[in-house]
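Subject: Structure handover

Hi,

My notes on what I found follow below it.

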Amino acid sequence: MDITSDSASVPVVVPAAEAVTATPAGADTVARVAVVTGASRGLGLELARALAEDGWKLVITARGALELAAVQKELAGRTEVVALAGSVVDDDHRERLAAAAAALGGAELLVNNASTLTGYPLAGAPLPRLADFPLPGLLETFEVNVLGPIALTQLLLPQLRSHHGAVLNLSSDAAVEAYAGWGGYGASKAALDHASAILAEEEPALRVWAVDPGDMRTVMHQEAFPGEDISDRPLPATVVPAFRALLAGRPDSGRHRAADLAPDGAGTPTTGGH
């Protein structure tokens, strides 16, 4: 079972901090701009690192302010980075993200990576069956995994249109396969997949991709399998070549698996490790 974000599943929102901006000496003022959610750890962090290495200016966000500040400090030597802590469910926070991207020159890429397993802390418990899923947690799951990405996309669409940009929504095999205990997460990712497909129809000048990255060794994946050894799962960095190929090749809008996008020889994880 692949999980697309390593953002914490606890629905506690860190109070939004003032934007932390850093610009390396000699930074390119016409660099492309990307907004990455869930950027403090896991796949979001690795994608932010790759984008920074490739010269993109970044607006990064996550709920953990301290972790996000550490990422901003790491990437500041490579590119211009604006770090804003907060939740994609928060209206004001999304507005700040859009404003920050506009100030950098306008977003060309939105990476909707932040997500939650259950919308509440599992604390070592197994994933809940739908019959027992606490409704507040289910609501939070859909707000974080579906409503937040759609709402942030709405705000950034004018910028994305002006740059003929792209929306990258992180999906999961749980969106297309029925796994017991994964009803909330899987249904929310299926909804995001479908919203991605509709947005692609409505915005033909953009690229809108839903991408299943495959199994990865992340904190969030460990939460889904409490007490199990997940050391056989590949680290999130292994999937980065597939996403670089996606951005370079700009295939048609649609749903993709990272395993199918990876350059020959790249060790991209496969899906379906439930």
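α4 passes α5 in a right-handed crossing. This is in a predicted model. Helix α5 covers residues 183–202, and its axis lies 8 Å from that of α4. The angle between the two is about 20°. Angles under 35 degrees count as roughly parallel, so α4 is roughly parallel to α5.

The α4 side of this contact includes Leu138, Phe142, Val146, Ile150 and Leu157. Thr141, Asn145, Pro149 and Thr153 of α4 also take part. From α5 come Gly184, Tyr185, Ala187, Ser188, Ala191, Leu192, Ala195 and Leu199. By class, the α4–α5 contact has 12 nonpolar residues, five polar ones and no charged ones.

α4 (residues 135–162) also packs with α3 (residues 91–104). Their axes come within 10 Å and cross at roughly 30°. α3 and α4 are therefore roughly parallel to each other. The crossing of α3 past α4 is right-handed.

On α3, the contact residues are Arg94, Glu95, Leu97, Ala98, Ala101 and Ala102. They meet Gly148, Ala151, Leu152, Leu155, Leu156 and Gln159 of α4. The α3–α4 contact splits into eight nonpolar, two polar and two charged residues.

Next, α2. This helix spans residues 65–75, and Leu68, Val71, Gln72 and Leu75 are buried in it. Where do the buried residues fall, seen down the axis of α2? They sit within an arc of 100°, so they line one face of the helix. The background is simple. An α-helix has 3.6 residues a turn, so residues three or four places apart point the same way. Leu66 and Lys73 are exposed, on the other side of α2.

Is Leu47 buried or exposed? Its relative accessible area is 6%. The cut-off for buried is under 20%, so Leu47 is buried.

Which residues does Leu47 touch, leaving aside those up to four places away in sequence? They are Val111 and Phe243. Pro236 is 189 residues from Leu47 in sequence. In space, the C-alpha atoms of Leu47 and Pro236 are 8.9 Å apart.

Best wishes

Definitions and conventions:
Residues numbered from 1 in each chain as written. Predicted model: local features only at pLDDT ≥ 70, side-chain atom pairs only at ≥ 80, totals over all residues. Heavy atoms only, no water. Axes fitted to C-alpha atoms, helices over the stretch in contact; angles between N-to-C directions. Helix = DSSP H or I, 4+ residues; strand = E, 2+ residues; numbered from the N terminus. Parallel < 35°, antiparallel > 145°, perpendicular 65-115°, else oblique. Left-handed = near helix turned anticlockwise from the far one by under 90°. Contact = heavy atoms within 4.5 Å. Nonpolar A, V, L, I, M, F, W, Y, C, P; charged D, E, K, R; others polar. Buried < 20%, exposed > 50% of the residue type's maximum accessible area, 1.4 Å probe, protein only. Arc of directions from axis to C-beta.
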